[in-house]
Amino acid sequence: MANPKKIDRFEKARLEKLNKIVELGHDPFGQRFDGHISISSAREECPEESGVNGEKVRVAGRIVLRRKAGKLRFFDIKDATGKIQLLFSRGDLSPEQWELMGQLDLGDLIGIDGSMRRTDSGEISIWVEELTVLCKSLAQPPEKHHGVTDVETLLRHRELDLIYTEGVRDKLVLRSQIINSVRSTLGQQQFTEVETPVLHAIAGGAAARPFTTHHNALDIDLYLRIALELHLKRLMVGGIERVYEIGRVFRNEGIDATHNPEFTMIEIYQAYGNYESMMDLTEAIISDAARVVLKASGKDVENERLVLPWGDKTINFTPPFQRKTYAELFEQHAGCSMTDGDAVRKKAQELGAQGAIKPEFLAQMESGHIHPDVIVSEVFEACVEDALEGPVFVMDYPASICPLTKRKQSDPQIAERFELFVHGMELANAYTELNDPKLQEQLFLTQLEGLPEEDSMAKMDHDFISALKVGMPPAGGLGIGIDRLVMLLTNSHSIRDIIFLPLLRPETVASKEDTPKETK
């Protein structure tokens, strides 16, 4: 259990120092601090010879280390660009400044004016001439050598993770750079970014359980969106021929290494394209993002293949990616044709015996209540997906499981759809979009058959059908999970590692028996 006395003792000591800072005439929580430069820029100003004063600099950062040697005090401070050593000399500072320095703790934010100097050991340092307190930290930082090792503590207190865990901040900053790359790629191809409603009257565009809320003024139930699709298509009907949105999507479902209840999606629609156009666009988006990651790691992206690490393996994002049909992959890995109903059922039973398919599904299958293509889909998911190293486009899905997709003219039983798989993970999903309003309405009705009226997924989006009747151009549509893309590009094996603030259960009274001791 927690030890409040221990925690209070540390906080009390810091509060006493805060009061002393006030007595010395300083604001313990700081004021505007103009004219400072990054620590990385300051380091570049340091002279090559030791013991020589260089350029005067002004920097700001958080104290992460401190030590003393005679009349010198050494502090390390850190900002977003790196760390630097500070030297405080009792002989060179006023008594008031020296006393002010004595009130500092690990975790405090300070501003420094001083001269660049290289020590005899070659350490780049700043010889402090004036100290400014920018924020007194009242919380005890992690212990120097062991830090915070509990994963949940790090995720729940992401600020500690960002400050004290090597590489966390860099990875999350890289996430932003990857998203900027996606926007840049689409901008070069004249796509327009839009924002569509997060609150929906009908949870549509995907088969998923929504989060429900209530609008008091209108006295209606609303749903946090489970997809971006239907609103974007309405905008395409309205003449925005190349349209996309990067937005948060919410699904009231489970949490695991690749799923979070709220996640970031990009959906893209291109008039007069098809699912093959979307393959080309997917390759451009992902390969451009891979170049950004390689460049951040110092690689020469012009002369190297786009190969990134993935655990003890690698992923080659150099286009073109492999393209395989659903049917050929099914036959290769399941050992039978997806059109051979008896063989597919037998394979499902084998997978059930191995625990790869749930008994409830097998029971429904035996009762005859499941469409044959749904059985095919279950078998594909159980024995094919994990075997796909990729990147590989899986093309041409059974039409009955793709209600928003145009059928192949040569075979109406096949939908013009692909999913992109990388090391067993679905990364992108794309269609040649269905733009026949009558067929779309009929497919919606078939999909919703049997669902209770109170079920949010049992309601048809009539506004979308009305928009289709106005006339939607033939088009390709693409969805990419941004979180999964960042996971793959940054060699992260949990979605929580690349979400700034992932969802966790509410914190109960935390046990902090191992509250870290002050590090001198």
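Predicted model: local features only at pLDDT ≥ 70, side-chain atom pairs only at ≥ 80, totals over all residues.
A residue counts as buried when its relative accessible area is under 20%. Arg 417 has a relative accessible area of 9%, so this arginine is buried.

Arg 417 sits in strand S17, which covers residues 411-422. Its side chain makes a polar contact with the side chain of Glu 419, at 2.4 Å. Val 394, Met 395, Asp 396 and Tyr 397 are among them.

Asp 396 is found in strand S15. Its relative accessibility is 12%, so it counts as buried. Its phi is near 65°, a positive value in a residue other than glycine. Tyr 272 is another non-glycine residue with positive phi, here near 70°. Tyr 272 is found in the loop between strand S11 (residues 262-271) and helix H8. At 59% relative accessibility, Tyr 272 counts as exposed.

Now look at Glu 426. UniProt, in an unreviewed entry, places the feature "binding site" at this residue. Glu 426 is found in strand S18, residues 425-432. Its relative accessibility is 29%, so Glu 426 counts as partly exposed. Leaving aside neighbours within four places in sequence, Glu 426 is in contact with Glu 419, Leu 420, Phe 421 and Arg 484. Glu 419 therefore links the two sites: it touches Glu 426, and its side chain makes the polar contact with Arg 417, which is buried because its relative accessible area is 9%.

Step back to the whole chain. The domain assignment gives domain 1 as residues 10-135 and domain 2 as residues 168-497. Their centres, taken over C-alpha atoms, are 51 Å apart.

What about the nonpolar interior? In soluble globular proteins, nonpolar side chains tend to be buried together. The largest nonpolar core in this model has 47 residues. The members that touch the most other members are Leu 186, Ile 266, Ile 268, Phe 317, Phe 418, Leu 478 and Leu 489. Helix H8, residues 275-296, supplies the largest share of this core, with 10 residues. A second, separate core has 29 residues, including Ala 348, Leu 362, Cys 402 and Ile 414.

Beyond its neighbours within four places in sequence, Leu 489 is in contact with Ala 289, Ala 290 and Val 293, among others. Ile 178, Leu 308 and Phe 317 are also in contact with Leu 489.

After H11 comes Gly 368, with a positive phi near 80°.

Two cis peptide bonds deserve a look. One joins Gly 390 and Pro 391, with omega about 5°. Pro 391 lies in the loop between H12 and strand S15 (392-398). Another cis peptide bond joins Pro 319 and Pro 320, where omega is also about 5°. Pro 320 lies in the loop between strand S13 (313-316) and strand S14 (322-325).

Finish at Arg 505, in the segment after helix H15 (482-489). Its relative accessible area is 73%, so Arg 505 is exposed. Arg 505 and Arg 156 are 349 residues apart in sequence, yet their C-alpha atoms are 9.2 Å apart in space.

Conventions: Residues numbered from 1 in each chain as written. Heavy atoms only, no water. Core = buried A, V, L, I, M, F, W, Y, C linked by side-chain atoms within 4.5 Å. Buried < 20%, exposed > 50% of the residue type's maximum accessible area, 1.4 Å probe, protein only. Helix = DSSP H or I, 4+ residues; strand = E, 2+ residues; numbered from the N terminus. Contact = heavy atoms within 4.5 Å. Domains from an automatic or database assignment. UniProt positions renumbered as here; feature names shortened; annotations may be inferred. Polar contact = N/O pair within 3.5 Å; in protein donor to acceptor, adjacent residues only side chain to side chain.
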